[in-house]
Amino acid sequence: MQIKDYTSVIIKGRIDSMTAGDFENKIMEILGGGVTKMLLDCSDLTYISSSGLRVFLVAQKKILATGGTLRICCLKPEIKDIFDISGFSIIFSIFSDVEKATSD
Amino acid sequence: MKRTITLSNRIDELTRISSFLKKCADQWGIPAPVTLSLNLVMEEAFTNVVQYAYSDNHDHDIDLIIKKKDKELEITLIDDGKQYDPTDEKEPDINLSANDRPIGGLGIFLIKKTMDNVSYYRKDNKNHLVMVKKV
């Protein structure tokens, strides 16, 4: 879904060791299509493990390497906790809602 | 109170781990955020064993035990893989930028940060990882 300049990807359910591979393939496919501004909408992300965090980091590295922008929005508090513990909150631009995330 | 589940060394056993945990949580009245944390540490510990503990292609039994004590929940994972003490792992530097952050190395760290105490011992040629959360 396109929101202003951003290609918004809605993530639903669990990203664990079983699902992270599919998630990574999907994200890489989108990035491979030339997307430089991506928003990961995590409103419906209910669980994430290190396998999922890994994919977020891989995506961030790839986008930074091409001079693009990756933003994350709408993390549930329990998921935000895991981002905080991992130090991922400082390596991603995290917004509370879609509006703020796509405002510039 | 104590429950045990015996798992095979396959990643798709995570589905059984989740439903096992859910059953315990429902019966023992474990709050949802704690259950989520326990699910995370169970996945990280189990995935680590499945991916790194075995160099053969055989099936192995891995025991997952959850105990509810007065003021704590104790999770123990027992595997017959090669000797490995995850509590020895160096912690990742969480202050690095995205470019400098290495991929991986977060699983054990998440276990240590999520739980109040994590200990390891080797007994009868098996690895025992004991993870305690105060409730």
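Predicted model: local features only at pLDDT ≥ 70, side-chain atom pairs only at ≥ 80, totals over all residues.
Me: Where does A:C42 stand in the largest nonpolar core?

Reply: That core has 59 residues, and A:C42 is among those with the most contacts inside it. As for who supplies the core, helix 2 of chain B gives the largest share, nine residues.

Me: Is helix 2 of chain B mostly covered or mostly open?

Reply: Mostly covered: 15 of its 21 residues are buried.

Me: Now B:I111. Where is B:I111 found, and is it buried or exposed?

Reply: The cut-off you need is that a residue is buried if 20 or more other C-beta atoms lie within 10 Å of its own. B:I111 is found in helix 3 of chain B, residues 107-114. With 25 other C-beta atoms within 10 Å, B:I111 is buried.

Me: What does B:I111 contact, apart from its neighbours within four places in sequence?

Reply: B:I111 is in contact with B:V41, B:E44, B:A45, B:V118 and B:M131. Take B:A45 as an example: B:I111 and B:A45 are 66 residues apart along the chain, but their C-alpha atoms are separated by 7.7 Å.

Me: Two of those contacts were B:V118 and B:M131. How is B:V118 linked to B:M131?

Reply: The idea to keep in mind is that strands of a sheet pair through backbone hydrogen bonds, either parallel or antiparallel. B:M131, in strand 5 of chain B, is the bridge partner of B:V118. Strand 4 of chain B (residues 117-123) runs antiparallel to strand 5 (residues 126-134), with seven bridges joining them. Together these strands form a hairpin with two residues between them.

Me: Is strand 4 of chain B buried or in the open?

Reply: Of its seven residues, the number buried is zero, so strand 4 lies largely in the open.

Me: Where in chain A can I find a positive phi in a residue that is not a glycine?

Reply: Look at A:K4, where phi is about 50°. A:K4 sits in the loop between strand 1 and strand 2 of chain A. With 13 other C-beta atoms within 10 Å, A:K4 is partly exposed.

Me: How do strand 1 and strand 2 of chain A run?

Reply: They run antiparallel, joined by two bridges. One pairing to find is A:Q2 with its bridge partner A:T7 in strand 2.

Me: In what order do the strands of the chain A sheet come?

Reply: The order is 1-2-3-4-5 in an open sheet of five strands, and the pairing is mixed. Strand 1 and strand 5 stand at the edges with a single partner strand each, so one side of each has no neighbour in the sheet.

Me: Zooming out, what pattern does chain A follow along the sequence?

Reply: The pattern is β-β-α-β-α-β-α-β-α, which comes to four helices and five strands. For overall size, a compact globule of 104 residues would have a radius of gyration near 13 Å; chain A has 12 Å, which agrees.

Me: Last one: how many residues of chain B are in contact with chain A?

Reply: 22 residues of chain B are in contact with 18 residues of chain A. On the chain B side, helix 2 gives the largest share, seven residues. That side divides into 10 nonpolar, seven polar and five charged residues.

Conventions:
Residues numbered from 1 in each chain as written. Chains lettered and ligands numbered in written order. Buried ≥ 20, exposed ≤ 12 C-beta atoms within 10 Å, placed from the backbone. Rg over C-alpha atoms; globule rule 2.2 N^0.38 Å. Core = buried A, V, L, I, M, F, W, Y, C linked by C-beta atoms within 7 Å. Contact = placed C-beta atoms within 7 Å. Nonpolar A, V, L, I, M, F, W, Y, C, P; charged D, E, K, R; others polar. Pairing = 2+ DSSP bridges.
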